[in-house]
Structures are given as C-alpha cells and as structure tokens.
Amino acid sequence: MSLTALPEAALASLGRATLAALAALGRIALYAASTLSHIVRPPFYRREFLTALLQVGWLSLPVVGLTAIFTGGALALQIYAGGQRFSAEAVVPQIVAIGMVRELGPVLVGLMIAARVTSSIAAEVATMKVTEQIDALVTLSTHPMKYLTVPRVLAGFLTVPLLVGIGDIIGIMGGFLVSTEQLGFNRASYIKNTIDFLETADVVSSLIKGAVFGFIATLIGCYYGMNSGRGAQGVGGATKNAVAAASILILAANFVLTSVMFGS
Amino acid sequence: MIELSQVTKAFGKNRVLRGINLTIPRGQSMVVIGGSGTGKSVLLKSILGLVTPDSGRITLDGVDVRETERDAFLARFGMLFQGGALFDSLKVWENVAFRLMRGHTKRPKAEAHEIAVEKLRRVGLKPETADLYPAELSGGMQKRVGLARAIAAEPEIIFFDEPTTGLDPIMSGVINELIREIVTEMGATAMTITHDMSSVRAIADQVAMLHDGLIRWTGPVAEMDTAADPYLQQFIHGRAEGPIESVR
C-alpha cells in the first residue's frame, strides 16, 4: 500500500465504523420502540416482573451503597483540599450535596447497574438464546419480548430511581462522616447547609436520570442478549458489548439530560 | 396434514433449503434424515415460523401458515428441542405446565401441577422430580421433561429435534420407545429430525432424506432399505464411500 493510500484507508475504516455504530443505534431505537409498545399491551407477566424487581433493585443495594459512601467521602476530601486554595473550605456540604445529587449519584448508580444488571441480563438472555429456550418460549405461545424484556425494562425504569435516591443519601452521608469526623465540621450546621442548599429540582433531576439510566441499562442487556451469537463466545461477546454500550449510552444520556435540565 | 411446496431459505450466500417439497400426512410419523448441516433444523423451524422462508409455501390442513392466527397455530404444536431447552429458572413441573399456566388455555395452578405430574409419570419420571430444577437432572431426564412439556397440552402435532443426541444407546432406546408410544396413543402427527438410524426405525412411518437443500428420497420406512437411491443407501449404512462427500 502506498503512503497516499493510508489516510484514505483510515478514513474508509472510520466511515465503516461510524455507519456500523449508527446502524446499531437505529436497531436499538427500534427495539426500544417495540418494548414500549409491548409494555402497554397485555399479557403481563407478574411473577417475572417481581423477580426482576428483586434482581435489579433489591440485590443491587449493597453495590450501590458501597459505591456511594466511598464516593461521597472522597468528594468531601477533594472539595476541602481544593477549596483551601482559595479559602472556600466551608462549601464542602453544599458541593457534596449538589455533586452527589445532580451528577455523581445518578451516573455512578447507572454505571454500577450497567456493570451488575446489564451484564447479568445479557448473559442470561444470550444463554437462553443459545440453548434454544427463546425458541421454546415462542413454540409455547409466549412472546419473548413480553416475557423477558418488558418485565426487566419496567423493573429497571422503576427501581433505579429509587436506587439513585438511596445512593444520593448514602453519598451525602459519606461526605458528612468524613467532614465531621476528619475535617472538623460541625454536625448540625453540615446537615442544615446540605438541606438548605438542595432544591427540589436537584432531587427530581436525579430521579429522572435514574429512570432513564435504568431503562437504558436493562434494555441494552435484553437487546444484546436477544441478538447474541452462537456458543460460549457469542454469550461472552453479547455480555461485553452490552456493558460497553450501556455505559456509553448512560454517559451520553447524562450529558443530554444535564444540558436539557440545567443548560440554561 | 402439513405440506411444504418449493420452500427455500438462505443465510447469506449459504442456500440451506433449495426448494423443499414434502407432505406429512395427518396422524403419521415422518422422520427427516440427513447429515449434519443439511438444513433439517431450519426445515423444522420454518414450519413453526421460528425461521422465515425466503420463498415457497407451507400449509397446515390446506391453510397457508402465514395466514393463520399465530397463537392458535402454535397451540396445535408441541416440540421437543435437541438440548431440552428447559427454562433454568423454573421448576420441572413449571416447565411442563408452562403453556397450561398462560394464555387462552390457562388453568388453575393446582390443576396445572396435577397435569404436569401426570405427564412426568407418563414419561417415566417420579413425582419427586417435579419440584427439582432442570440443572439438577441428567441429560436423559431433561429429555424426558422436554417430552412431557411437548405433550402437556395434548397437541395435534409434535416435532422432535434430534431426540436422542447426546444420550447413551439404552437411554436413546427408551426415548425412542416413549416417542413411538406417545405419538400412537395421542394419534398425533409427528415430525422428527435425526441422523440416528435406530430412532428412524423405532419412530418412523414415513422417511424423508434431506441432502444439499433438497428432499432426495421419501417413502414408507419399510421401503427404505430396498430403495435404489444411492444417497439414501450411503447414509443409512453409514458408508464413507458414495455420492455424499465426506471429509476425512
């Protein structure tokens, strides 16, 4: 290959990758539309929904709690250290609160859900596909979208905002503990500053982000599981791609939502 | 009666079915034989609508399957999958009673459980098996559970996808006998795909041989050994030499 052909080949390769990514995004959008249309039409599978609530919500609590408390603590230390440079150490409670509620809480919970739930859903559904369990569902007159995707996506949409709310509180608690036990802040004034500074819009934005991230994380897990390749390699590939896609989409959605809600 | 007329299916450049013509008479047991990768599973899945053919027509009792109401159509079928395809997250009895607990044929839980235990007994499994999970069963037991699930709603038509693959010869014989008995006592139409000749002789009324995307030969099982078709003879006698290319 000549030297002049190299940039051309690189551009062609970039173009192909872009087209493939856009095509995948289009397929995911169609899958999302189909999921939404099935959510509002019977039959509904109550038992599968309750199981999904447990898997997505309740069992994610430990990882969400641990992530939030350490992040809140680290955030307090960072703000205190940074604030010292311009004598603004006192803003630790306010910045921890706003940082956790508006940004870190939803994003970290979203990413934790992508790691824990998206991977688990993708691997489970992909295994079901590889072992013909999804074909078996069809022959038993059960729509895989209704039986597998709808309960999980609905559970993600409903429980992740709750997880985000809990994560926000635990994160603020982490900041509170570090600030009061290590940095010498007064407990009562820390709590008062936090409550006074936070607005309803901050909390609502956090919960909205949680709902969107929950929808994305569960939908992507189901999508990649349903479209998995064959064998163990197919299951592994579906899981890996699902986690990567969910993480990227959550971060992209976070930017869009933040721009919409706080851009002005 | 199931009829396939000029059915084709390709995956990319790989033309798996090249114009299948096949009739499965009502109440008969048709076994489709052929080497690995010849499209037997695709043929079976095309009838059920799990794979959409590129062209051709498939009819059930004279009605094009694309024009039938999907749930009503599928309610007439039962299927035993190659690996069992049991749902890991459900107990054995819930697998067997899956159809009975959902949709138009929904029954009370106790009744569905009772039917499931009865079907398990019919395939030679004890009632204690009902409360186990599929992962706790051996391969042979999983096949039996798959068989119980296939017959639970007493379908008119039952499909068997490689029913003896992965089983030892004795268990294969047991499954073959069960299939034959159940199909006979239910009066069901059956279609089995396999490359196990002992299954063919135990299960079949009619045999069709699929090779290179086409039905090479079809006829009663009694005529299979005396048929002149060289492809069929090579296959049923397992000869390396013959018109079917084998890779060494």
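**Notes on the predicted model**

1. The contact between the chains. Chain B puts 15 residues into the contact and chain A puts in 10 residues. On the chain B side, helix H2 (70-74) and strand S6 (77-80) of chain B each supply at least two residues. By class, the side of chain B that touches chain A has 10 nonpolar, two polar and three charged residues. Please keep in mind throughout that this is a predicted model.

2. Overall form of chain B. Chain B holds eight helices and 10 strands. Its C-alpha atoms fill a box of roughly 55 × 45 × 35 Å along the principal axes. A compact globule of 248 residues would have a radius of gyration near 18 Å, and the 18 Å of chain B agrees with that. Of the 248 residues in chain B, 44% count as buried. Among contacts in chain B between residues at least 6 apart in sequence, 62% join residues at least 24 apart.

3. Domains of chain B. Chain B is divided into domain 1 (1-76 + 156-248) and domain 2 (85-154). The C-alpha centres of domain 1 of chain B and domain 2 of chain B are 25 Å apart. Each side of their contact is made of 11 residues: 11 residues from domain 1 of chain B and 11 residues from domain 2 of chain B. On the domain 1 side, helix H6 (residues 169-186) of chain B gives the largest share, five residues. That side of domain 1 of chain B consists of nine nonpolar, one polar and one charged residues.

4. The open sheet. Four strands of chain B form an open sheet in the order S2-S1-S4-S5, with antiparallel pairing. Its edges are strand S2 (14-24) and strand S5 (63-64) of chain B, each of which pairs on one side only. Strand S4 (residues 55-60) of chain B pairs with S5(B) in the antiparallel sense over two bridges. Leu60(B) has Val63(B) in S5(B) as its bridge partner.

5. Strand S8 of chain B. How many of the six residues of strand S8 (residues 189-194) of chain B are buried? The count is six of the six, so strand S8 of chain B is largely enclosed by the rest of the structure. Thr189(B), Met191(B) and Ile193(B) point one way from S8(B), while Ala190(B), Thr192(B) and Thr194(B) point the other way, and all are buried.

6. Partners of S8(B). Strand S3 (residues 29-33) of chain B pairs with S8(B) in the parallel sense over five bridges. In S8(B), Ile193(B) is the bridge partner of Val32(B). Strand S7 (residues 157-161) of chain B also pairs with S8(B) in the parallel sense over five bridges. Here Ile157(B) stands opposite Thr189(B) in S8(B). The chain runs from S7(B) through H6(B) to S8(B), and this β-α-β crossover is right-handed.

7. Met171(B). This residue, Met171(B), is found in helix H6 of chain B. Is Met171(B) buried, exposed or partly exposed? Met171(B) has 17 other C-beta atoms within 10 Å, so it counts as partly exposed; being buried would take 20 or more. The C-alpha atoms of Met171(B) and Gly238(B) are separated by 22 Å, and the two residues are 67 residues apart along the chain.

8. A cis peptide bond in chain A. Pro42(A) and Pro43(A) are joined by a cis peptide bond, with omega about 5°. Pro43(A) lies in the loop between helix H1 (5-39) and helix H2 (46-57) of chain A.

9. Positive phi at Ser87(A). Ser87(A) is not a glycine, but its phi is positive, near 55°. Ser87(A) is in the loop between helix H3 (61-84) and helix H4 (92-130) of chain A. Ser87(A) is exposed, because 7 other C-beta atoms lie within 10 Å.

10. Positive phi at Ala85(B). Ala85(B), again not a glycine, has a positive phi of about 50°. Ala85(B) lies in the loop between S6 and helix H3 (92-96) of chain B. Is Ala85(B) buried or exposed? Ala85(B) counts as buried, because 24 C-beta neighbours lie inside 10 Å.

Methods: Residues numbered from 1 in each chain as written. Chains lettered and ligands numbered in written order. Predicted model: local features only at pLDDT ≥ 70, side-chain atom pairs only at ≥ 80, totals over all residues. Contact = placed C-beta atoms within 7 Å. Nonpolar A, V, L, I, M, F, W, Y, C, P; charged D, E, K, R; others polar. Pairing = 2+ DSSP bridges. Rg over C-alpha atoms; globule rule 2.2 N^0.38 Å. Buried ≥ 20, exposed ≤ 12 C-beta atoms within 10 Å, placed from the backbone. Domains from an automatic or database assignment. Right-handed = clockwise from strand over helix to strand, strands pointing away.
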